[in-house]
Amino acid sequence: MNRANRTGRNDPCPCGSGRKFKHCCGKPNDPAKPEASEGEVRPCGDCSLCCEGWVKTRVLGHTIELGKPCPYSSGHNCTIHDERPKEPCRVFFCGWAERNSRLPEWMRPDRCGIIVLTGRSIWRGLAVDILVSAGHDPDEKLLSWFKERSVRERRPFIFQQNENWFGFGPPAFQQEIAARAKRGEPLWS
């Protein structure tokens, strides 16, 4: 998504809150969270899929590749949770566990096999959700839920099936995601 399509800090927030983007989903060190506001964060419980190598990142000098768990993961939790670094650990937040998340209970990543990154990217002023396969491709129930939400809230999403990436939303969004995937470019920023 090029810079021309991004929401400016003083523009109205694309989540529809009526607040400026910088005071809502665009707060520094607070990934865009249109579903989030004041309230409780869901506990992760035994879910630690974010640390199991489904999301490519770097932690304390260690490159986490797809299929390679974080060296600080026990397989059930983070062994350095209290001392974990700000980037990427403290700023990453699973869409299911966000404050006042509207994602249903059954979408907890270890239950549905999908990590949902809510509104981490903006396309032409619209928040974009990303569904990262974490052991399972999204099933029809999950895709139907996101498709209905996308149409209702004008909220496109990107998802993975059979190791390929797809976009759901306006035709121009779908075409852009398909072209980026074909060229091997990042699909979100």
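This is a predicted model: local features need pLDDT of at least 70, side-chain atom pairs count only at pLDDT 80 or more; totals for chains, interfaces and linings use all residues.

Trainee: OK. Is Cys112 buried or exposed, then?
Mentor: Cys112 is buried, because its relative accessible area is 15%, and the cut-off is under 20%.

Trainee: And what about Cys51, buried or exposed?
Mentor: Cys51 has a relative accessibility of 19%, so Cys51 counts as buried.

Trainee: How many disulfides does the structure hold?
Mentor: Zero disulfides are found in the structure. Cys112, for one, is in no disulfide. The nearest cysteine sulfur to Cys112 belongs to Cys94 and is 8.6 Å away.

Trainee: Let's back up. How many helices and strands are there?
Mentor: The chain has four helices and six strands. Starting at the N terminus, the order is β-β-α-α-β-β-α-β-β-α.

Trainee: How much of the chain counts as buried?
Mentor: Of its 189 residues, 43% count as buried. The accessible surface comes to about 10,500 Å², and carbon and sulfur atoms make up 50% of that surface.

Trainee: And contacts between residues at least 24 apart, what share do they have?
Mentor: They make up 47% of the contacts between residues at least 6 apart in sequence.

Trainee: Now α4. How many residues does that helix have?
Mentor: Helix α4 has 13 residues, 171–183. From first C-alpha to last, α4 reaches 18 Å, close to the 18 Å expected at 1.5 Å a residue. After α4 comes Gly184, with a positive phi near 75 degrees.

Trainee: Which residues of α4 are buried?
Mentor: Phe173, Glu176, Ile177 and Arg180. Looking down the axis of α4, these buried residues fall within an arc of 95 degrees, so they line one face of the helix.

Trainee: What covers them?
Mentor: The cover over the buried residues of α4 includes strands β3, β4, β5 and β6.

Trainee: And which exposed residues sit on the face turned away?
Mentor: That face of α4 carries Pro171, Gln175 and Lys182, which are exposed.

Trainee: You listed Glu176 and Arg180 as buried. What do they form?
Mentor: Arg180 and Glu176 form a salt bridge, with the closest N and O atoms 3.4 Å apart. They are four residues apart in α4, so about one helical turn separates them.

Trainee: How many salt bridges are there in the whole structure?
Mentor: A search finds eleven salt bridges. One of them joins Asp129 to Arg155, the closest N and O atoms being 2.7 Å apart.

Trainee: Where do Asp129 and Arg155 lie?
Mentor: Asp129 is in strand β4, while Arg155 is in the loop between α3 and β5.

Trainee: What about Glu153, which residue does it pair with?
Mentor: Glu153 forms a salt bridge with Arg149, the closest N and O atoms being 3.5 Å apart. Both lie in helix α3, four residues apart. Glu153 is partly exposed, with a relative accessible area of 29%, whereas Arg149 is buried at 2%.

Trainee: Which residues are joined into one network?
Mentor: Salt bridges with shared partners join Arg102, Asp129, Arg149, Arg152, Glu153 and Arg155.

Methods
Residues are numbered from 1 along each chain as its sequence is written. Side-chain values use heavy atoms; hydrogens and water are left out. Helices (H or I, at least four residues) and strands (E, at least two) are DSSP runs, numbered from the N terminus. The expected span of a helix is 1.5 Å times one less than its number of residues. Buried means under 20% relative accessible area, exposed over 50%, partly exposed in between (1.4 Å probe, protein chains only). The arc is that of the directions from the helix axis to the C-beta atoms. Contact means heavy atoms within 4.5 Å. A disulfide is a pair of cysteine sulfur atoms within 2.5 Å. Accessible areas come from the Shrake-Rupley method with a 1.4 Å probe; for residues, only the protein chains shown count as cover. A salt bridge is a side-chain nitrogen of Lys or Arg within 4 Å of a carboxyl oxygen of Asp or Glu.
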